[in-house]
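These notebook entries record what I looked up in one structure.

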Amino acid sequence: MILRAYLIKNNGEPIYGRTYEGFGSVIENSLPPHIRACATLFHSSEGTTSDKVYTLEQSGVLWSYLFFESFAVVLMSAVDENLVALKKMMISMGRAIAHEYGDIIKSWTGNLGEVEGIDLLVDQHVGIDLDIPSDAILDIVKRKIESTLEAKELAYAGVLDSHGEMLIGNVPENHLSSIQQEISAGVIQPGLDMVPSSIEVMGYSVQMLKVKSVTVAVAAQRDESRIAAVQAVSEIADALDNAMSD
């Protein structure tokens, strides 16, 4: 469970904070001084990289840090948080912040009006279901995807998280945005006994099924029958569900 979320400039200056410790979420301004100092120290270190989440367990909670060019995302969570899922969520949040507010943060003067809308962005990412498959489960499903692609006439297959970021598979980059829109619209309902959701993406018929918080997407070859994709998405979704239930 995420308890607090902070956005900090690379000089240690707090930009934004939000707490989830009560009902709903509200602005949180009390960033502990030692957490701020730790973020500044990490950011100034030559060994700190942007693809790694740094953690600090203290007083029964877990502090996690992820660093970008001009800012850091800092989260306070329960100590037993799923670290694999937490990293994926933090990277997704950080990239979204960098895209929307990166230039503003570089020259930010302290005016919260300049980062208007960031509360919604943070809430959307913190609200992600962190119960996504472990790396071990994804390895099992990856082998299933590979064998399915070899056996059937398919264009691609993959497993995507609740924001449409690909976890495994070979879904082309230029197809992801259309699939992400479908996922974010919330029209893909969980249930292996349901008919897959179907969309057309650049001439390809893409079939999708939701398993817990993730989505399986399979596309037939261009101008080919979607029957093979319908069968494949059900088989992969079933393998994923079994692996997650063990």
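How are helix 4 and helix 6 oriented relative to each other, roughly parallel or roughly antiparallel? I noted first that this is a predicted model, in which local features need pLDDT of at least 70, side-chain atom pairs count only at pLDDT 80 or more, and totals for chains, interfaces and linings use all residues. Residues are numbered from 1 along each chain as its sequence is written, and side-chain values use heavy atoms, leaving out hydrogens and water.

Entry 1, the helix pair. I looked up helix 4 (residues 135-151) and helix 6 (residues 227-245), which pack at an angle of about 160 degrees with axes 9 Å apart. The two helices are therefore roughly antiparallel (angles over 145 degrees count as such). On the helix 4 side, the contact (heavy atoms within 4.5 Å) is made by Ile137, Val141, Lys144, Ile145 and Thr148. Helix 6 contributes Ala232, Glu235, Ile236, Ala239, Leu240, Ala243 and Met244.

I found seven aromatic pairs in a search of the whole structure (ring centres within 6.5 Å). The rings of Tyr65 and Phe67 have centres 6.2 Å apart and planes at 0 degrees, so this pair is stacked (planes under 30 degrees apart). Both Tyr65 and Phe67 are buried (under 20% relative accessible area, with a 1.4 Å probe and protein chains only). One aromatic cluster is formed by Phe42, Tyr54, Tyr65 and Phe67.

I located Tyr54 in strand 4 (residues 54-58). Its relative accessibility is 11%, so Tyr54 counts as buried.

Notes:
Axes fitted to C-alpha atoms, helices over the stretch in contact; angles between N-to-C directions. Helix = DSSP H or I, 4+ residues; strand = E, 2+ residues; numbered from the N terminus. Parallel < 35°, antiparallel > 145°, perpendicular 65-115°, else oblique. Phe/Tyr/Trp six-rings, centres within 6.5 Å; stacked < 30°, edge-to-face > 60°. Buried < 20%, exposed > 50% of the residue type's maximum accessible area, 1.4 Å probe, protein only.
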